[in-house]
Amino acid sequence: MDGTTWTGLTGLAAGAVAIGYLTVMVSTMAPDKPVMLAVLPLLLLTAFLFFYSREAFLMVVLLVRAGANPVFEETRLAAIGGLGGLLNALVILLAGLIIARDPKRVPRAAWMIWLPFIAMQAAGIVYSPEKVQAIRLYLGQLSVVALFLVSFYLVMSEADLNKLLKLVTWSSVPVALVTLVYIGLGRTAGIVDGLESGAGRYGGPFPHANILAFYLVLCLGVLLYRWKSGQIGRQPVTLVGVIGYMLLLVGLLFATKTRSAWISVLFLFAVYGALRERRYLVYLVIGGMLSMLIPEVRDRVMGITQGNEVVQYAKLNSFAWRKLLWEDALAWMAPSRYLTGYGAESFQELSPTFFSMAGRVNWGAHSAAVQVFFELGALGLLAFCWVYWRTGRMIATLWRARPLLALMGLSLLGANFMVSLSDNMLAYLIYNWYFWLTMGAICALACRIAGAGDRRKARPWGIRPSKYRPPPNTDFPPTEPLSPALPATPARVPRLTGGRLR
């Protein structure tokens, strides 16, 4: 203890008291929730890893967070949250510490993608009818933005991007294993979707089948890019493993029975087939015909054609139920609220008031766009669309230098925006973590390439000057041509005109 200051001793004593108090509190909860016994070891391991290497801590979190979600759900407490909330706070803190090392490595354009939407959400908390829940979800959204921004710090070359995409791929392995175990045990998601029974829909480690479905769509898109870009599948044995794993993920996607996710994955492969390999369009037609031979898939697809009329005692399908919910919400809104809305989390809080089929249930909007318009008004909706527009523009700068990466990035972004129109995407925190981390990594490479390959794009898109210098073995700047060669500007020769040197 030689050389220890009184401040350090005070902090050590306070930490000891906090750990002692937490031990007593956890021990009293253990009989009801045995999983709480794992809280203290996990907290200690997290603390040691956090101080050892912040980057390593982030990588471990991203590798296991999705598959370990059941543990986080079991530790959730109504009053103080749980390990998930603590982890969200750590991610925000971690991103701030990492970016603070060299803020210039994160371009101004990356901040401007999210700043309007985050500002509108913060303003919506002020006049929210449910401030506690609004603050919780706002902190979750901040963790998503933190991962998006920290990817600009982590991705300095194409090799760094490939490492992050590899991490997203490997994070799906524990998710797939947990889902297979749950299917074997017959443990379904068990959540009612609209007026349809949730029985038979598997969500794996997630509380809702839709979260698993959209996460699997992201993993399939990343796997397809890594395969077609030559990162994996070069050897015959590896190729068989990659294709087999993708088929396994497709099978798990069918088990979720999420129709919007089915449309999303069809959209991904159809776009790839139309622009890159036409034979994939044939594969899609054959696969679609074979899948219709499965009774559960056929019933799920054909169910959208029934229950479209709102009559007494009628059972609506999920889309017709959503339409009725949206119509009731928009018709109930006062014109004076069109600009700023009713505040964050007001839709679910007020839904029993305006929804004709609410009963006594507080329903979510089942549409991120409708939710944002109801809660934050037209200004919030514009900020929400701004996120996708600016992200798409940034990814599009890769079209000439990395066309396959730009294609998959824009396809995943478009698919995410489409399902945001018909689902509660803002509430699916874990999926948003991985999705926006992937988008941020692609945008980071786009900024690096644009700033290094074309001086005209360096100012609006590129990275501001930084002390960092990439290692000599990285692929930066890229070896392949980034833009058409510009004609060399001839040197200006002084000449004597009218007695003056010009």
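Rings of Phe, Tyr and Trp, the last taken by its six-membered ring, pair if their centres lie within 6.5 Å. By this criterion the structure, a predicted model, holds 28 aromatic pairs.

One of these pairs joins Trp-114 and Phe-117.

Phe-354 is in helix α15 and Phe-374 in helix α16, so the contact ties together parts 20 residues apart in sequence. Both Phe-354 and Phe-374 are buried.

Ring pairs also link residues into a cluster. Its members include Trp-114, Phe-117, Phe-148, Phe-152, Phe-214 and Phe-384. Tyr-388, Phe-417, Tyr-428, Tyr-431, Phe-435 and Trp-436 belong to the cluster as well.

Charged side chains also sit over rings. Arg-105 lies over the face of Tyr-153, 3.7 Å from the ring centre. The charged end of Arg-187 sits over the ring of Tyr-182, at 4.5 Å from its centre.

Helix α14 covers residues 318-332. Its 15 residues reach 21 Å from the first C-alpha to the last, close to the 21 Å expected at 1.5 Å a residue. Buried residues of α14 include Trp-321, Arg-322, Trp-326 and Asp-328. Ser-318, Ala-320, Leu-324, Leu-325 and Ala-329 are buried too. Their cover includes α11 (259-275), α15 (346-354) and α16 (368-396).

Ser-367 lies in the loop between α15 and α16. This serine counts as buried because its relative accessibility is 1%. A polar atom of the Ser-367 side chain lies 3.3 Å from the backbone nitrogen of Val-370.

The mean pLDDT of the protein chain is 80, and 76% of its residues reach 70 or more. Over residues 307-314 the pLDDT stays under 50, and the model has 10 contacts beyond four places in sequence for this stretch. The pLDDT is also below 50 over residues 452-502. That segment has 64 contacts in the model beyond near neighbours in sequence.

Conventions
Residues are numbered from 1 along each chain as its sequence is written. Side-chain values use heavy atoms; hydrogens and water are left out. Helices (H or I, at least four residues) and strands (E, at least two) are DSSP runs, numbered from the N terminus. The expected span of a helix is 1.5 Å times one less than its number of residues. Buried means under 20% relative accessible area, exposed over 50%, partly exposed in between (1.4 Å probe, protein chains only). Contact means heavy atoms within 4.5 Å. A polar contact is a pair of N or O atoms within 3.5 Å; within protein, one must be able to donate a hydrogen and the other to accept it, and residues adjacent in sequence count only if both atoms are side-chain atoms. pLDDT is the predictor's confidence in each residue, from 0 to 100. Rings of Phe, Tyr and Trp (its six-membered ring) pair if their centres lie within 6.5 Å; planes under 30 degrees apart count as stacked, over 60 as edge-to-face and the rest as tilted. A charge sits over a ring if NZ of Lys or CZ of Arg is within 6 Å of the ring centre and within 35 degrees of the ring normal.
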